Amino acid sequence: MPLSASLTLTLALALAFAAPNADDLLEGYQRESAPFGQLRFRGGRLSSRDDRVGFVSRHLERIERRLGRSLRHEITVVFVPDRAEFARVYRGVSRRDPTEWMVGVAFPGWRLIVVREDDPFAGLRRWDQPEVTLAHELAHLVIHSSGATIPRWFDEGVAMWVSQGSIPVEDEARLSALARFGGLFSLNELTRGFPRLHHPGSIAYQQSLLMIESIVERHGEAAVPRILERLASGDPIGRAYETATGSAWGDFEGEFRTWIISRHSLFAAVASVVNFWTIITLLALVAMVVEAMRRRRFRRRLEEAEADAIED
């Protein structure tokens, strides 16, 4: 047996034995067939099976259309009612504890999505709303449907692009400030891995989304499906980018930095990182410096007075 075939068989067997027993893990959950595969749920915010099927199907159809590719297999979507149940199911699948910010997760290897139905942050943050979370995780499965190796920044950036759209202006201005002072992640860093935080509001996630937006602005929306197509054919990201856009991959990182800096003035960029607490801290520092100078002058006057007394 060739080495590659042997490795493939070994990985397949490992996944088969490592995969969780869904019936045991989801005991008490209702199981329903759906056009996309299987639906599992128990209680929750949505009222019926049809509501959930429609919820998933609408987002999946939109994502497939926008990314120019379809799922090649059936998937299982699990709606869990709250944080505690999400943690239990996540732990049962991954053998790890979720971070406190996680409200949904995709497991491409098992063709599985687990999403919380509740709105843990009462709609204050768009990326944590159930609808956006579901679209984000569905996008991951569509992106990985070919089984190709996808750089993490491209995977997360595209998933955010099709699910939540642009980040708030003030957050973009903050990244513009970081770009000016060398504070962004390098492509190598974002390719090797992401912070454990798993938070869409973090710099790594927001930078990844903006890199996708920069590609779209310069080369059009069709560039994203073209890059995915080249990655699916086995091209590395550099060759896929060059083939899909006609631009040099070696220039991408520098072009992105120039792009994000150009979107905000220096004043707006600096203002984005100066908030109430920054001002309070600066005022406190100024007060400390003034007080230190006052004490220094006072000690100097005492020393001069003592010197005069000794001379007398």
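Predicted model: local features only at pLDDT ≥ 70, side-chain atom pairs only at ≥ 80, totals over all residues.
1. Helices (H or I, at least four residues) and strands (E, at least two) are DSSP runs, numbered from the N terminus.

2. The basis of the values is as follows. Residues are numbered from 1 along each chain as its sequence is written. Local features need pLDDT of at least 70, side-chain atom pairs count only at pLDDT 80 or more, and totals for chains, interfaces and linings use all residues, while side-chain values use heavy atoms, with hydrogens and water left out.

3. Helix α3 covers residues 49-67, 19 residues in total. From first C-alpha to last it reaches 27 Å, close to the 27 Å expected at 1.5 Å a residue; the expected span is 1.5 Å times one less than the number of residues. Gly68 follows α3 and has a positive phi, near 65 degrees.

4. The loop between α3 and β3 holds His73. Apart from neighbours within four places in sequence, His73 is in contact (heavy atoms within 4.5 Å) with Arg111 and Ser145. His73 and Leu141 are 9.9 Å apart, C-alpha to C-alpha, and 68 residues apart in sequence.

5. Helix α9 (residues 203-219) and α6 have axes that come within 8 Å and cross at roughly 75 degrees. α6 is therefore roughly perpendicular to α9, a term for angles of 65 to 115 degrees. Axes are lines fitted to C-alpha atoms, for helices over the stretch in contact, and angles run from 0 to 180 degrees between N-to-C directions.

6. On the α6 side, residues making this contact include Trp153, Phe154 and Trp161; on the α9 side they include Tyr205, Leu209 and Val216. By class, the contact has 10 nonpolar, 2 polar and 3 charged residues. Ala, Val, Leu, Ile, Met, Phe, Trp, Tyr, Cys and Pro count as nonpolar, Asp, Glu, Lys and Arg as charged, and the others, Gly among them, as polar.

7. α9 is mostly covered, with 13 of its 17 residues buried. Gly220 comes after α9, and its phi is positive, near 90 degrees.

8. Overall, the protein has 14 helices and 5 strands. Of its 312 residues, 42% count as buried.

Key:
Parallel < 35°, antiparallel > 145°, perpendicular 65-115°, else oblique. Buried < 20%, exposed > 50% of the residue type's maximum accessible area, 1.4 Å probe, protein only.
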